[in-house]
Amino acid sequence: MTETPTLPVHLRRDGYEPIPELAKLREEQPVSPAEMLNGGTGWLVTRYDDVRHVLSDVENFSNRWEPSETGGDGSGFLLGYDPPDHTSLRKLLTGEFTVRRLRRLEPRINAIIAEHLDKMEQTGPPADLVEAFALPIPSLVICELLGVPYADRADFQRRSNIRLDLSLPLDYRMEVEAEGLEYMANLVAEQRRDPGEDMIGMLIREHGDAITDRELSGLADLLLLAGHETTSNMLGLGTLLLLQNPEQLAFARDPRNIDQAVEEMLRYLSIVRTVIPRLARTDVELGGQQISAGDVVVCSVPAANRDPVLDPRADEFDVSRKIAAHLAFGHGLHHCLGAPLARMEMRLAFPALFERFPTLRLGIPVENVKYRAFSFVFGVAELPLEW
């Protein structure tokens with residue numbers, strides 16, 4: 001029988017809140033020794049300014065890991081690249097994720113949202129929001145954008161759950177990751193023969209000589225994984241948060257406030273517990289702590305986003321305030337490429353959900369909500385709702 005591991009302090013939650021120990025570390029020892037999930041040791045960074053510094057300082061902190069630590073050979077896994085390789089690869093995609101370019105998707109996203117709300121209404125309460133709304137909408141959007149058959153969603157969602165489940169053995173997660181890369185390699189091979197009008201087809205038509213099939217497979221695999229996992233969990237957990245805070249929900253219902261409300265939910269929930277760990281390239285001082293070349297450095301996004309330097313009431317959920325520079329999408333060169341798409345999906349989905357079901361409420365006691373406690377991307381496993 002496999003024993004469930006105890007998560008390191010930077011990966012634990014108390015409900016949807018960061019655990020109090022993170023705030024204590026941020027105040028008393030903002031760069032502290034930390035245990036890693038693999039049994040190794042490193043440094044945990046919890047203060048907002050220090051996290052921003054690490055994520056922007058590519059001279060002293062590297063994203064490049066040995067292939068054995070990331071699975072496969074890491075080809076196309078953009079988060080594991082340093083400049084200049086990162087710059088070259090990301091440049092191929094940047095134009096596809098501009099706000100202006102993504103606006104052309106808005107009518108289709110609205111149609112997808114309406115279709116799933118119709119199904120919820122027809123089926124009637126109760127409904128599991130994750131299964132009926134939060135998971136299928138971003139999955140369908142990223143499938144259509146990339147050129148991945150939506151009919152294959154059961155398999156890639158299963159693989160995503162396993163790959164992100166930190167309670168499972170690393171070897172098993174890497175084995176499933178290899179399955180995903182093989183699946184994507186087959187799609188890339190098909191598109192090499194007959195490029196479609198989607199993003200994979202565009203990359204082949206416009207940059208086919210500048211990117212290898214392994215790079216393209218790894219890149220598409222990352223976009224598929226990140227494109228549905230993060231937004232899905234924000235829709236599920238964000239809905240729970242709003243239902244638990246009716247005065248905040250009332251403010252967010254006003255269309256003029258939805259952008260601000262989405263930013264506050266991103267900051268407050270910080271569902272990505274850490275960004276990809278960095279490796280110190282050189283001996284460097286950070287937050288008064290000496291770090292040696294080769295040391296692992298982990299940045300806590302929830303701790304940084306609750307730092308009082310952002311707002312003295314950063315531990316409170318308040319959609320009426322404006323905090324511009326939260327770190328929910330990272331910072332620096334590796335700032336999330338898909339952030340504009342995720343924002344647009346949330347900005348459209350939350351108002352549509354609460355407008356269609358104005359009496360929406362939790363269908364179970366809040367203490368019975370099941371969280372994805374061991375998933376790298378935090379969220380709810382299911383969210384039974386009534387209306």
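I began at His-116 and listed its contacts, skipping neighbours within four places in sequence: Ala-132, Phe-133, Pro-136, Ile-137 and Leu-140. This is a predicted model, so I read everything below as a description of a prediction. His-116 belongs to helix 6. Is His-116 buried or exposed? With a relative accessibility of 7%, His-116 counts as buried, because the cut-off for that class is under 20%.

A reminder to myself before the numbers: two packed helices are described by the angle between their axes and the distance between the axes.

I took helix 8 (residues 136-146) against helix 12 (residues 213-244) and found an angle of about 155°, with the axes 8 Å apart. Angles over 145 degrees count as roughly antiparallel, so helix 8 is roughly antiparallel to helix 12. The crossing of these two helices is right-handed. On the helix 8 side I noted Pro-138, Ser-139, Ile-142, Cys-143 and Leu-146. Their counterparts in helix 12 are Ala-220, Leu-223, Leu-224, Gly-227, His-228, Thr-231, Ser-232 and Leu-235. Sorted by class, this contact of helix 8 with helix 12 holds eight nonpolar residues, five polar ones and no charged ones.

Next I turned to helix 11 (residues 199-207), which packs on helix 12 at about 150° with the axes 11 Å apart. That angle makes helix 11 roughly antiparallel to helix 12. Helix 11 and helix 12 also cross in the right-handed sense. Met-199, Ile-200, Leu-203 and Ile-204 of helix 11 touch Leu-216, Leu-219, Ala-220 and Leu-223 of helix 12. Which classes of residue make up the contact of helix 11 with helix 12? I counted eight nonpolar, no polar and no charged.

Going back over my lists, I see that Ala-220 and Leu-223 of helix 12 are named in the contact with helix 8 and again in the contact with helix 11.

**Entry: strands**

I followed strand 3 (residues 31-35) to strand 4 (residues 41-45): they run antiparallel and are joined by five bridges. Glu-35 sits opposite Thr-41 of strand 4. In this hairpin five residues lie between the strands, and Gly-39 has a positive phi near 95°.

Then I looked at an open sheet of three strands, in the order 6-12-11 with antiparallel pairing. Which strands are at the edges? Strand 6 and strand 11 (361-362) are, each pairing on one side only. Two bridges hold strand 6 to strand 12 (residues 384-386) in the antiparallel sense, and Asp-128 has Pro-384 of strand 12 as its bridge partner.

Most residues other than glycine have a negative phi, and most peptide bonds are trans. I therefore checked the exceptions against that background.

- The peptide bond from Pro-83 to Pro-84 is cis, with omega near 5°. Pro-84 falls in the loop between helix 3 (67-70) and helix 4 (85-94).
- Pro-125 and Pro-126 are likewise joined by a cis peptide bond, with omega about -5°. I placed Pro-126 in the loop between helix 6 (106-123) and strand 6 (127-128).
- Ser-270, a residue other than glycine, has a positive phi near 40°. Ser-270 is found in the loop between helix 14 (258-269) and strand 7 (278-280).

Notes:
Residues are numbered from 1 along each chain as its sequence is written. This is a predicted model: local features need pLDDT of at least 70, side-chain atom pairs count only at pLDDT 80 or more; totals for chains, interfaces and linings use all residues. Side-chain values use heavy atoms; hydrogens and water are left out. Two strands pair if DSSP finds at least two bridges between them. Helices (H or I, at least four residues) and strands (E, at least two) are DSSP runs, numbered from the N terminus. Axes are lines fitted to C-alpha atoms, for helices over the stretch in contact, and angles run from 0 to 180 degrees between N-to-C directions. Angles under 35 degrees count as roughly parallel, over 145 as roughly antiparallel, 65 to 115 as roughly perpendicular and the rest as oblique. A crossing is left-handed if the near helix is turned anticlockwise from the far one by less than a right angle, and right-handed if clockwise. Contact means heavy atoms within 4.5 Å. Ala, Val, Leu, Ile, Met, Phe, Trp, Tyr, Cys and Pro count as nonpolar, Asp, Glu, Lys and Arg as charged, and the others, Gly among them, as polar. Buried means under 20% relative accessible area, exposed over 50%, partly exposed in between (1.4 Å probe, protein chains only).
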